[in-house]
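Dear colleague,

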Amino acid sequence: MNIILLGPPGAGKGTQASKLVEERGMVQLSTGDMLRAAVRAGTPTGLKAKAVMEAGALVSDEIVSGIIGEALDALAPETGVIFDGYPRTAAQAGSLDTILADRGRALHHVIELEVNEDALVARIVGRYTCANCGEGYHDSFKQPAVVGTCDKCGSTEFKRRPDDNEETVRTRMAEYRGKTAPILPLYEARGLVSRVDGMADMDAVSAQISDILG
Ligand code: AP5
């Protein structure tokens, strides 16, 4: 099964994708995570993407569609994929159709996380991750069981994203409204879209997604 999780910054795409990876053995393809890895590694893609990401703008369609195609090529054909943060423009949606068709894959669900944008700034500016294993936490909504120690790997080092500040979040939201939300009708016309209440607590959101996926 191949699915897209769609929603503005902080809607919970990464949170829900991680749960699907744990519970269903699917693979999460997050263009944001892949771009951040390229920035850290200082690759040519990373060098092009760094300033764009820090400003909250969108990286070029060619770059992100290229990395999605490469990531899919590295997977066994039967592996179920969660597209997290891709596609984000009409051009990317068109590329994804081609990328999937070329690999004999189909798209089964597009799940929109419906959220109240006013609450998202608080979600994003409070977010941090384990510097060692990447497990996600939040100052208010998800602290480790022992504060300061990662539940998953025991590390005491954590980090925050450079684009997780209020000004950049507002730009990212505007990009979502202007360029990403308009692709939903394309998928609606194909009968692929389901909506979940992304303002519910994390487990309730997961339960809604499970109901859709069956
Ligand atoms: P990306 O990394 O994709 O960021 P984003 O879309 O802005 O999404 P986020 O990761 O911020 O949010 P999320 O929905 O995953 O929320 P999360 O689960 O973490 O992209 C970053 C940048 O890369 C872009 O700005 C762009 O420059 C570039 N880029 C990436 N893809 C691109 C593409 N396709 N084309 C062009 N450029 C691209 O949750 C947020 C917080 O809220 C967490 O702390 C979590 O614990 C908490 N939380 C989650 N769910 C709940 C809940 N139900 N209740 C309470 N708290 C919750």
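Two strands are said to pair if DSSP finds at least two bridges between them. Please note that the model is predicted.

I begin with strand β4 and its partners. In this model, β4 and strand β8 (residues 193–197) pair in the parallel sense over 5 bridges; within this pairing, E112 stands opposite R195 in β8. Strand β1 (residues 2–6) also pairs with β4 in the parallel sense, over 4 bridges, and the bridge partner of L5 in β4 is I111. Of the 6 residues of β4 (residues 109–114), 5 are buried, which means that the strand is largely enclosed by the rest of the structure. A residue is counted as buried when its relative accessible area is under 20%.

I turn now to the ligand. It is surrounded by 34 residues, and the closest are T15, A57, R88, R127 and R172. The shell divides into 15 nonpolar, 10 polar and 9 charged residues.

An N or O atom in the side chain of R161 is 3.0 Å from a ligand oxygen. Backbone N or O atoms also take part: one of A11 lies 3.2 Å from an oxygen atom of the ligand, and one of Y137 lies 3.4 Å from an oxygen atom of the ligand. Taken alone, the ligand exposes 1,100 Å², of which the protein buries 94%.

The elements that contribute two or more residues to the shell are α1 (13–24), α2 (31–41), β6 (136–138) and α9 (202–213). The largest share, 4 residues, comes from α2.

With kind regards

Technical notes. Residues numbered from 1 in each chain as written. Predicted model: local features only at pLDDT ≥ 70, side-chain atom pairs only at ≥ 80, totals over all residues. Heavy atoms only, no water. Buried < 20%, exposed > 50% of the residue type's maximum accessible area, 1.4 Å probe, protein only. Near = heavy atom within 4 Å. Polar contact = N/O pair within 3.5 Å; in protein donor to acceptor, adjacent residues only side chain to side chain. Areas by Shrake-Rupley, 256 points an atom, 1.4 Å probe, with all protein chains shown as cover. Nonpolar A, V, L, I, M, F, W, Y, C, P; charged D, E, K, R; others polar.
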